[in-house]
Amino acid sequence: MKRLIIPLLLSAIALSLAPAATYADGGKMRYATSKEVSLEDIFFSRIIERIHHSDSTMQAAPVVVPQGFDAKARSAALHGFGLGGEAQGMTATATWRDAMALFLSTHDVRYADIAERALYNGVIVEADSSRTGSTGWREAAQAIHDAPYASYAMQGHDLWVNYYIRTNALIRTDSLDIAVIENTSAPWYPDAFFSFSFDGPASTMTLHLRLPAWMRDAVTPEPTFTCSSSRQFYQVTLNGKLLQLRAGEDGYLTIGGLAPGKYTLRLTMENKVKRIRAVKGHKGRFAVQQGPIVYAQTNRDKKYYSPEAAFGNNYDRDVLHTNELVTKVYSKPRIAGQSPWEAVLLPYYITFGDKSKPGELWLREIKK
């Protein structure tokens, strides 16, 4: 905790010295650009570093709504959205870009949810396949470059935070000059610490913090999957004061009426493991998700899992730099007379990229 707070306090001092960005929003909602955000996130910077081994010239580009974008048609195309981040007939990368544009067009949190799932699961898979000769890797790699700068969306005196990524942003809208430093260990630990200040023509600012789908017991916008339901704990403290906030129907924790000045904010979210089932298909199986990350067993050997079993966390700091889920498994389909042993689940994007032992997303459920 101290390691997070000390850099945050030091960074807060620097906010008053930071120059304002030189971009205006023209009255429309838009995402921050790569020129406005300095990325320090360990999770994405590791992936971007690997991408540069394939193409060191690739740079981040602004995320925008393309000319002639048909929001109604593109929304319909996202039907059939899957656990791995791809929509029916679309790659995860195309899904991510459409969902990003749809959020700007509609302000609907469900599109931010879709984009998050696509990014942390399918887009990373598609970028990794650059080493296996798959087509489309460059588009996926470009999306990973661009994604962190879509963490922040703004319009007038409103700022939306859609993803929790370690960033330092200097943003100018028509109404506000905003400086934001965000410190987090997401997606492994979803708590986020912010230090921000603002001034400008607007007398107040409104901050919208997205409560992710996995905190709202939601999987996809359509009832394609069901999710284990549990009471989710979250809280927000502003300048050391606990706020009594509940997510609105729009899926955001909204803090309005902020006067110009300097603030520190902490968003705490409980990161429970979720068991997911398909409404159709995959009978006798379930999937596992923690935060935005979908997990899979590391090979297709026959193992049987109990959906009631506890999942432990273990972070691999030396080789994979990723979180592992540890749980009990069995070798036969019925639990009677068996002694379980421990097995490790890895993020889907890691297991999918191993062609010698491809992972299995849907886990066999053991019968009692």
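Which two helices have axes that come within 10 Å and cross at roughly 145°? I will come to that after a few conventions. This is a predicted model, in which local features need pLDDT of at least 70 and side-chain atom pairs count only at pLDDT 80 or more, while totals for chains, interfaces and linings use all residues. Residues are numbered from 1 along each chain as its sequence is written, and side-chain values use heavy atoms, with hydrogens and water left out.

The chain has seven helices and 21 strands. Both are DSSP runs numbered from the N terminus: helices are H or I with at least four residues, strands are E with at least two. Of the 368 residues, 52% count as buried. Buried means under 20% relative accessible area, exposed means over 50%, and partly exposed is in between, with a 1.4 Å probe and protein chains only.

Now the answer. The two are helix 2, residues 42-54, and helix 6, residues 137-146. Axes here are lines fitted to C-alpha atoms, for helices over the stretch in contact, and angles run from 0 to 180 degrees between N-to-C directions. Helix 2 brings Phe 44, Ile 47, Ile 48, Ile 51, His 52 and Ser 54 to the contact, and helix 6 brings Trp 137, Ala 141, Ile 144 and His 145. Contact means heavy atoms within 4.5 Å. Seven of these residues are nonpolar, three are polar and none is charged. For that count, Ala, Val, Leu, Ile, Met, Phe, Trp, Tyr, Cys and Pro are nonpolar, Asp, Glu, Lys and Arg are charged, and the others, Gly among them, are polar.

Staying with helix 6, seven of its ten residues are buried. They include Ala 140, Gln 142 and Asp 146. The buried residues pack against helix 2, helix 4 (92-106) and helix 5.

Next, the cores. A nonpolar core is a set of buried Ala, Val, Leu, Ile, Met, Phe, Trp, Tyr and Cys residues joined through side-chain atoms within 4.5 Å. The largest has 67 residues, and Trp 96, Phe 103 and Ile 144 have the most contacts inside it. Helix 5 supplies the largest share of this core, twelve residues. Among the residues that Trp 96 touches are Val 63, Ala 115, Leu 119, Ala 143 and Tyr 163, leaving aside residues up to four places away in sequence. Another core, of 37 residues, lies apart and includes Tyr 152, Phe 198, Ala 202 and Tyr 234.

Five strands form an open sheet in the order 1-3-4-8-12, with mixed pairing. Two strands pair if DSSP finds at least two bridges between them. Strand 1 (30-31) and strand 12 (252-258) are the edge strands, each pairing on one side only. Strand 1 runs antiparallel to strand 3 (residues 152-155), joined by two bridges, and Arg 30 stands opposite Met 154. Helix 5 (residues 109-128) lies across strand 8 (205-210) and strand 12, at about 50° to strand 8.

Last, strand 16, residues 293-297. Are its residues buried or exposed? Ile 293, Tyr 295 and Gln 297 point one way, Val 294 and Ala 296 the other way, and all are buried. Strand 16 pairs with strand 15 (residues 285-290) in the antiparallel sense over three bridges. Two residues lie between the strands of that hairpin, where Gly 291 takes a positive phi near 60°. Strand 16 is also joined to strand 20 (residues 341-347) by three bridges, again antiparallel, with Tyr 295 and Pro 347 as bridge partners.
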